[in-house]
Amino acid sequence: MSPLKTWLVMFFFCVFCGNTWADIQQEKALQAKAIFIYNFANFVEWPDDAFLSTNSPLKVCLYGSVPFGIFLDAVNGTLIGQRQLMVVRTANIETLEDGCQILFVGQDKRAQLPDFWSNIKYVYVLSVGEQEGFVDNGGVINILRTTDRVQFQINISNALEQGLFLSSDLLSLAREVKRNTTKNTE
Amino acid sequence: MQLAGFHSHKNFKRNKRFYRSLRYKLMFIIVVALSLAMFIASLFFVLYDRKEAKNDLQEHIQAIAKITAARSVAAMAFLDQGVVDQNLKALLSIETVHMGCLYNRTGQLFSSVTREPNTLIECYEQFDKTIEAFSEVNRYLVVTLPVAKKNTVYGTLMIAADLSQLYDRMLNIIGISLIVSLISSFIAYVLTMKLQHRLVKPIESLGRAADYVTSTQDYSIRAERISDDEVGQLVDSFNGMLRRIEGAQDQLYEMVTELEEQGLNLKYHAQRSEMHREETQAMLAAASHDLKQPLQAMVMFVSAMRSEPEKNEELIDKLERSIENMRHLFTDLMDVSSLEKRVKTKQLDDKVSLLELFDHLEAEYQAVALQKGLAFNVKKYDATIITHASTLQRIIRNLLDNAFRYTYFGGITLACRMKNGALCIEVWDTGEGIRRNVLDTVFKEFVQVSVDSKVSSQGMGLGLSIVKRSCELLDYTIDVKSKYGRGSVFRILIPLDRIDKLPEVKESHKENDKENDKESDQVNVGQPGSKTLNLEENSAPSSQPEFEDGGSVHQEDVLKTSISAFFNQLTNKRVFLIDDDDSVRDALSLLLGQWEMDVRVFNSIATCMEFAKSDADWIPQAIVSDYQLGDKDLGTDLIKGLGHFYQQEIPALVITGMEDEATLEQLKHEGIKVLRKPVKPAKLRTLLQNIL
């Protein structure tokens with residue numbers, strides 16, 4: 001074989017391996033995100049007004065394309081406290097108008113984001129995102145991804161505005177806890 | 001009554017063993033009981049404490065676990081290793097926590113912390129049981145707790161706590177319990193040592209008292225009551241028993257005394273009867289012997305009269321004299337036998353004036369004396385006695401006849417005087433005298449003594465025996481003193497109670513007597529100028545005569561020697577006797593005198609106290625007193641008074657005829673013995689022996 005061929009073979013192999021390795025890592029990250037969403041449901045308190053009735057489920061809305069959605073399906077229907085967890089995936093904004101306790105906006109709907117929050121005047125929504133500045137623009141929790149870990153930021157003022165009670169444990173685990181100052185709300 | 005309150009330790013082997021044994025038992029009981037109690041208490045306490053401590057620790061660790069779990073749940077949820085590690089590290093700040101392990105949802109060890117790694121216990125790599133539990137593993141308490149939020153379990157927390165501290169604590173407590181037990185036991189031991197005394201001492205004391213009573217047989221001892229408990233009651237019972245025994249013993253003594261006296265009496269009477277029988281026989285023998293002679297003479301005279309009728313006148317005279325002799329003898333015999341009868345029916349109450357009698361006899365015998373060429377003196381005494389007149393006469397006559405018969409020169413004296421407190425009639429003669437070796441037999445065998453006499457013996461044997469018998473019947477003492485070749489004196493002693501009247505005697509009665517006694521046996525016999533008949537070389541009245549007494553007739557002396565030593569306990573003991581009743585006083589003083597006690601007799605409290613003051617050295621050893629002395633005086637007052645005077649308590653006996661129970665009780669209470677009238681000699685004697 002010519003050296004070039006060897007190099008090519010190895011290159012593609014590496015890419016393949018790298019891809020595989022990367023895939024594994026990717027999957028892990030998605031899994032972690034899913035776990036986080038689930039955990040948020042556990043560590044955040046919604047007041048009774050957030051629900052239609054005492055039997056109403058705890059809705060986790062995934063708006064747009066959410067890759068880790070399949071992992072959340074595993075916990076769909078489990079009990080969080082007294083309520084059932086309900087995972088709702090939709091691309092339609094109207095569906096959201098029924099009310100979500102947790103809302104995750106996929107990447108494809110990112111562009112809509114700045115207006116999005118002004119459009120949705122719901123309260124009691126735990127908004128979770130995964131991009132820079134998410135919490136600065138009205139989001140409550142932002143999931144960050146570092147080299148080996150998944151972490152999150154919390155904007156407590158936004159949380160309070162939404163009428164949510166965040167567990168102190170949760171807050172203590174956040175990488176960053178932000179507050180809204182007068183500058184930010186402009 | 002003595003108390004046996006001994007405080008010295010006697011070396012009875014039996015006692016020592018007994019002493020140790022009881023004390024040992026007490027100690028044993030107390031120490032064992034205490035030890036057992038302490039052991040049980042300690043054991044219980046130790047076990048209880050251990051359980052409690054373990055429970056406490058468990059609760060403690062469980063609480064810690066809960067707190068840690070709560071703190072860690074978020075971290076576990078979000079898999080934040082750092083926070084989890086930190087939380088677990090915080091566990092080590094608790095001393096007893098040795099190790100903490102946190103497992104994730106799948107049971108894998110997520111984080112752990114260990115104080116000092118050792119091989120006994122370490123975190124498992126895998127732990128699936130998410131339950132709340134605790135267990136003991138290798139001296140570690142292991143608590144597991146699920147880490148959960150709401151319904152979601154994120155992992156399991158396991159904490160292991162070191163139980164060794166618990167064990168140390170338990171050992172500590174055991175140690176302390178042991179020490180405390182030992183100290184308590186020691187204290188108990190010491191206390192018991194001191195206090196067992198109080199239990200054992202009364203028992204010991206009782207034991208000693210019992211031993212003493214057994215060894216000395218003195219039942220008047222009483223044991224001392226030391227404590228007020230069952231032992232005290234035992235002492236009371238014991239004393240009660242002794243009292244009974246003492247009472248029984250006293251009764252026994254009384255009975256024995258009475259029996260002895262009765263025995264003596266019977267012996268005496270038997271001997272007397274025997275003697276009388278012998279006497280009677282002898283008398284008969286003598287009578288037949290004496291009567292033979294006149295009869296013989298009469299036979300001879302009659303035959304002479306037949307053969308020599310010319311001498312009839314002379315012979316008839318002689319015959320008459322013989323008849324006269326026989327008549328006398330018969331009369332004497334008859335009179336003696338009738339006297340016996342009279343004594344039995346107590347017809348002895350003639351009042352005889354000795355003065356008159358002596359005058360009469362003087363007149364009568366003066367002639368005889370003149371005829372024989374002998375001197376005859378009569379020493380008169382103006383006394384009157386109560387007796388059988390003719391018998392008294394016969395006695396004196398017989399003695400005089402005897403004296404005249406056997407005296408060839410010198411003279412005869414008939415005297416009457418007081419000697420040694422008794423009235424006596426004496427017949428002195430300077431006749432043949434009687435040899436010492438036959439003196440005893442003079443009265444006993446009625447033998448005619450003079451073998452080499454010139455005078456024909458004419459019934460002297462019978463005569464003397466009659467004298468003796470008569471004296472006996474009249475209750476006189478007769479005695480004889482004699483020196484062979486020099487002379488004799490026959491003396492009759494008349495007891496005081498037969499005396500009706502005495503010549504006027506001054507108060508210093510005794511002095512007179514003493515004077516009398518001094519001249520005693522130097523009586524002038526014979527014609528004036530003849531030598532005095534001095535029969536007693538030593539003229540001190542109470543000394544023994546040189547000659548032995550012959551035929552002293554008081555038989556009781558012979559029998560007294562058979563009284564056992566038991567009865568001599570009263571000899572020479574000094575006693576006061578007080579009674580206002582003369583007869584009782586006399587009778588009692590006689591009785592006490594018989595028992596050879598040194599008696600002082602008084603008729604009133606005043607005379608008694610007078611004596612006490614005058615002779616303070618003569619301290620009585622006992623007081624016998626009537627209860628009622630005079631109108632107002634009481635015997636008890638006298639006893640108390642004497643007690644004060646002599647500064648000591650004198651044992652006393654009170655004689656009373658009273659039946660008043662209250663007074664008798666009070667007397668008993670004061671420790672004075674009481675005797676009811678009439679007094680039984682046996683009882684009096686026993687009581688006196690008791691109190692002395």
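Asp136(A), Glu176(A) and Lys178(A) are joined in a network of salt bridges. The model is predicted. Lys178(A) counts as partly exposed because its relative accessibility is 22%. Glu176(A) is also partly exposed, at 32% relative accessibility.

Over all chains, the structure holds 23 salt bridges. In chain B, Glu426(B) and Arg491(B) form a salt bridge through their side chains, at 2.6 Å from N to O. Glu426(B) lies in strand S12 (residues 422-429) of chain B, and Arg491(B) lies in strand S14 (residues 487-494) of chain B. The pair therefore ties together parts that are 65 residues apart in sequence. Glu426(B) is buried, with a relative accessibility of 0%. Arg491(B) is buried as well, at 3% relative accessible area.

Another salt bridge of chain B joins the side chains of Arg585(B) and Asp582(B), at 2.8 Å from N to O. Both residues belong to helix H12 (residues 582-594) of chain B. They are separated by about one helical turn because they are three residues apart in that helix. Arg585(B) has 13% relative accessibility, so it counts as buried. Asp582(B) is partly exposed, with a relative accessible area of 46%.

The contact between the two chains was examined next. Chain A contributes 19 residues to the contact, and chain B contributes 13 residues. The size of an interface is often given as the accessible area lost when the parts come together. Chain A and chain B bury about 1300 Å² between them. Of this area, 55% is on carbon and sulfur atoms. On the side of chain A, Asn42(A), Phe43(A) and Leu173(A) lose the most area to chain B. Together they account for 41% of what that side buries.

Polar and charged pairs also link the chains. Eight residue pairs are in polar contact between chain A and chain B, counting pairs with both residues at pLDDT 80 or more. The count of salt bridges between the two chains is one. It joins Lys150(B) to Glu45(A), with the closest N and O atoms 3.1 Å apart. Several elements of chain A take part in the contact: H1, strand S1 (44-45), strand S3 (79-80) and helix H6 (168-173) each supply at least two residues to the side that touches chain B. H1(A) gives the most to this side, with eight residues.

A search of the whole structure finds 21 aromatic pairs over all chains. The rings of Phe36(A) and Phe78(B) have their centres 4.8 Å apart. Their planes meet at 85°, over the 60 degrees needed, so the pair is edge-to-face. This pair crosses between chains. Phe36(A) lies in helix H1 (residues 3-43) of chain A, while Phe78(B) lies in the loop between helix H1 (13-77) and helix H2 (81-91) of chain B. Both Phe36(A) and Phe78(B) are buried. A tilted pair is formed by Phe602(B) and Phe611(B), at 5.4 Å centre to centre and 45° between the planes. Phe602(B) and Phe611(B) are both buried.

One aromatic cluster includes residues from both chains: Phe36(A), Phe40(A), Phe43(A), Phe152(A), Phe78(B) and Tyr154(B). Charged side chains meet rings too. Arg83(A) lies over the face of Phe51(A), 3.7 Å from the ring centre. In chain B, the charged end of Arg574(B) sits over the ring of Trp618(B), at 6.0 Å from its centre.

Note on methods
Residues numbered from 1 in each chain as written. Chains lettered and ligands numbered in written order. Predicted model: local features only at pLDDT ≥ 70, side-chain atom pairs only at ≥ 80, totals over all residues. Heavy atoms only, no water. Phe/Tyr/Trp six-rings, centres within 6.5 Å; stacked < 30°, edge-to-face > 60°. Helix = DSSP H or I, 4+ residues; strand = E, 2+ residues; numbered from the N terminus. Buried < 20%, exposed > 50% of the residue type's maximum accessible area, 1.4 Å probe, protein only. Lys NZ or Arg CZ within 6 Å of the ring centre and 35° of its normal. Contact = heavy atoms within 4.5 Å. Buried area = accessible area lost by both parts, 1.4 Å probe. Salt bridge = Lys/Arg side-chain N within 4 Å of Asp/Glu carboxyl O. Polar contact = N/O pair within 3.5 Å; in protein donor to acceptor, adjacent residues only side chain to side chain.
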